[in-house]
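Thank you all for making time this morning. I would like to walk you through one structure, going from its helices to the contacts and charged pairs that link them.

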Amino acid sequence: MPDEEPEWTVLRRHAIGERIRTVRRHRRLTQSQLAEMLGVERRSIHRWETAKRDPALSVLVRLADKLDVPLALLVDDTLEIDLTAAHRDQRPERPSWPKGKR
């Protein structure tokens, strides 16, 4: 019988899932939208955010890229999540074009 998973790894998985959820919500993305961006199923996002599964390292790298944050922000729980200076937040809104001028 395999050894039980150490409690600290479960706690780390929960912390990573919470960080993914926090950044996703800050980016105003649904689980479905993020899943589509990554080419995975929505339930995969749900499983990562609820710590039922861990995303592979290659997926974490893609997640960080799609969410426009450093990878360390998703995996290092000693870092404070401060998204006010993230590039995506600084982008100006698209101008509203007058009707019929597109």
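Let me begin with a definition: I will call a residue buried if its relative accessible area is under 20%, exposed if that area is over 50%, and partly exposed in between, using a 1.4 Å probe and protein chains only. Before applying that, please keep in mind that this is a predicted model, in which local features need pLDDT of at least 70 and side-chain atom pairs count only at pLDDT 80 or more, while totals for chains, interfaces and linings use all residues. Residues are numbered from 1 along each chain as its sequence is written, and side-chain values use heavy atoms, with hydrogens and water left out.

With that in place, histidine 26 is partly exposed, because its relative accessible area is 35%. Histidine 26 belongs to helix α1, which covers residues 7–26; helices here are DSSP runs of H or I with at least four residues, and they are numbered from the N terminus. The C-alpha atom of histidine 26 is separated by 9.5 Å from that of leucine 67, although the two residues are 41 apart along the chain.

Arginine 24 is also in helix α1, but arginine 24 is buried, since its relative accessible area is 7%. What does arginine 24 touch, not counting residues up to four places away in sequence? Taking contact to mean heavy atoms within 4.5 Å, the partners are Leu29, Thr30, Gln31, Leu34, Ile45, Glu49 and Leu67.

One of those partners brings us to the charged pairs, where a salt bridge is a side-chain nitrogen of Lys or Arg within 4 Å of a carboxyl oxygen of Asp or Glu. By this rule the model has six salt bridges, among them the one between glutamate 49 and arginine 24, with 2.6 Å from N to O. Because glutamate 49 lies in helix α3 and arginine 24 in helix α1, this pair ties together parts that are 25 residues apart in sequence. Both glutamate 49 and arginine 24 are buried.

A further salt bridge joins glutamate 41 and arginine 43, whose closest N and O atoms are 2.7 Å apart. Glutamate 41 counts as partly exposed because its relative accessibility is 44%, and arginine 43 is partly exposed with a relative accessible area of 44%. Elsewhere, salt bridges that share partners join Glu18, Arg21, Arg24 and Glu49 into one network.

There is also a salt bridge between arginine 13 and glutamate 5, the closest N and O atoms being 2.7 Å apart. Are these two buried or partly exposed? Arginine 13 counts as buried, because its relative accessibility is 14%, whereas glutamate 5 is partly exposed at 40%.

Turning to helix α3, which spans residues 42–49, the buried residues there are Ser44, Ile45, Trp48 and Glu49. Seen down the axis of α3, these buried residues fall within an arc of 130°, so they line one face of the helix; the arc is that of the directions from the helix axis to the C-beta atoms. The elements covering the buried residues of α3 include α1, α2 (31–38) and α4 (57–67). Just after α3, alanine 51 takes a positive phi of about 65°.

In the loop between α3 and α4 we find aspartate 54, which counts as exposed because its relative accessibility is 53%. Leaving aside neighbours within four places in sequence, aspartate 54 is in contact with Arg13 and Trp48.

Finally, the helix packing, for which axes are lines fitted to C-alpha atoms, over the stretch in contact, and angles run from 0 to 180 degrees between N-to-C directions. Angles under 35 degrees count as roughly parallel, over 145 as roughly antiparallel, 65 to 115 as roughly perpendicular and the rest as oblique. The axes of α2 and α4 are 10 Å apart, at an angle of about 115°, and the two helices are therefore roughly perpendicular to each other. In this pairing, Leu34, Met37 and Leu38 of α2 meet Arg62, Leu63, Lys66 and Leu67 of α4.

The axes of α1 and α4, by contrast, come within 11 Å and cross at roughly 25°, so α1 and α4 are roughly parallel to each other. Here Ile16, Ile20, Val23 and Arg24 in α1 meet Leu60, Leu63 and Leu67 in α4.
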